[in-house]
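Hi there,

Here is the structure I said I would pass on. Have a look at it first, and then read on for what turned up.

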Amino acid sequence: MIYADNAATTRMSENALRTYMNAAGSLWGNPSSLHITGQNAKAALEEARARMAALLHCEPREVYFTSGGSESDNQAIRTAVMAGLKKGKNHVISTRFEHHAVLHTLQQLEKELSIRVTLLDVHEDGLVRVEELREAITPETALVSVMYANNEIGTIQPIREIGEICAEKKVLFHTDAVQAVGILDVDFAGEKIDLLSLSAHKFHGPKGVGALIVKRGVVPYTLISGGAQERGKRAGTENLPGILAMVTALEDAVREKEEKTAHLLSLRETLIDRLTEIPYSALNGDRKNRLPGNVNLCFEGIEGESLLLLLDANGIEASSGSACTSGSLDPSHVLLAIGRPHEVAHGSLRLTLSGENTMEDVEKICEILPQVVEYLRSISPVWKDLESGKAKHILG
Ligand SMILES: *Cc1c(COP(=O)(O)O)cnc(C)c1O
């Protein structure tokens, strides 16, 4: 099997798995306990926090461990919205192609607290325009939330410039960096980020663990009430094996970054070159400002679900977009946001590679995919109409 769905989740690395097993066996104490078993766990927890902070360029006390990306996004947004409301600010700026953990939280808060939300356009290339962001900020704006890199089309946003603008305008800046951490150089302090979400299972760590980084001075909203864990802002006995495995995975990812990026770029560029030779296909999102392992394509006259099933039958595991929306018949909100019409957005394919993929994998994909597309078109009534001229082609 060729696994090309690393934006959905990654396999835990051997190193992370070993760390997890060892910690589950030997560091099983409760860090809140006063005895030695508890205090050993506490020491390991605080050491992990310091290592995490060093990797992200933040302070250890700015790190709050959570259950993953979704929880971090929820907490980040509520933190900024609550802080804003106290100062009479009720406006939030985000983008049309955020993860649903951000978009649905904003929708919830529109209803719950009558906040006003502006979603920025991401244009055909899948990139936010900083000038449009600057113009959208008003004196009522409490929060700007723009993802670091998109999980479907992989486009990397101008985070440093956005951070500058938000600092200048004194608006809190949250970035969902779940797809970026472990792959790109993320610099919390240097990029003037106030709130940052990350998730371990996207960089070969375990599932169900992540972090929210909160700038000193910003008081996190308590999403989960109870004990005094995480500086009293996130209750629940800490998932120490998960946290230690996450930090191990991130250290490995940061150390191997250069080498992995070069490898991924050669795989990605080969895939894009070869697969866009398929007639009536197109790459989704900017080719340059994109994650090194992300390829997202549209094929006209194809139904994405059938494409995935046939690829799976041929040993290739991919996705049509976000794992969260597969199974629903709605086309991807990300592809609609970059202007793909419904019928084209339905025929999308996302291949997301990790350092574990090889050029042989890419060769096999380049051999099988064109055959599968041709076969599906041969049995497609939509394609028949396009060929006969009854319907018009959209992609060149
Ligand atoms: C995967 C993902 C999430 C959700 O993270 P979980 O740890 O699975 O809750 C949020 N945002 C982005 C961009 C993601 O890719």
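A word on terms before the findings: a residue counts as buried when its relative accessible area is under 20%. Please also keep in mind that this is a predicted model.

With that cut-off, helix α8 is mostly covered, as 13 of its 16 residues are buried. The helix takes in residues 240-255, and its length works out well: at 1.5 Å a residue, α8 should span 22 Å, and its end C-alpha atoms are 22 Å apart, so the two values agree. Where α8 starts, Asn239 has a side-chain oxygen within 3.0 Å of the backbone nitrogen of Gly242.

Which atoms does the ligand meet through its oxygens? A polar side-chain atom of Ser70 sits 2.7 Å from a ligand oxygen. A polar backbone atom of Gly69 is 2.9 Å from an oxygen atom of the ligand, and an N or O atom in the side chain of His201 also lies 2.9 Å from a ligand oxygen. As for cover, the ligand on its own has 380 Å² of accessible area, and the protein covers 87% of that.

Happy to talk any of this over.

Best wishes

Technical notes. Residues are numbered from 1 along each chain as its sequence is written. This is a predicted model: local features need pLDDT of at least 70, side-chain atom pairs count only at pLDDT 80 or more; totals for chains, interfaces and linings use all residues. Side-chain values use heavy atoms; hydrogens and water are left out. A polar contact is a pair of N or O atoms within 3.5 Å; within protein, one must be able to donate a hydrogen and the other to accept it, and residues adjacent in sequence count only if both atoms are side-chain atoms. Accessible areas come from the Shrake-Rupley method with a 1.4 Å probe; for residues, only the protein chains shown count as cover. Helices (H or I, at least four residues) and strands (E, at least two) are DSSP runs, numbered from the N terminus. The expected span of a helix is 1.5 Å times one less than its number of residues. Buried means under 20% relative accessible area, exposed over 50%, partly exposed in between (1.4 Å probe, protein chains only).
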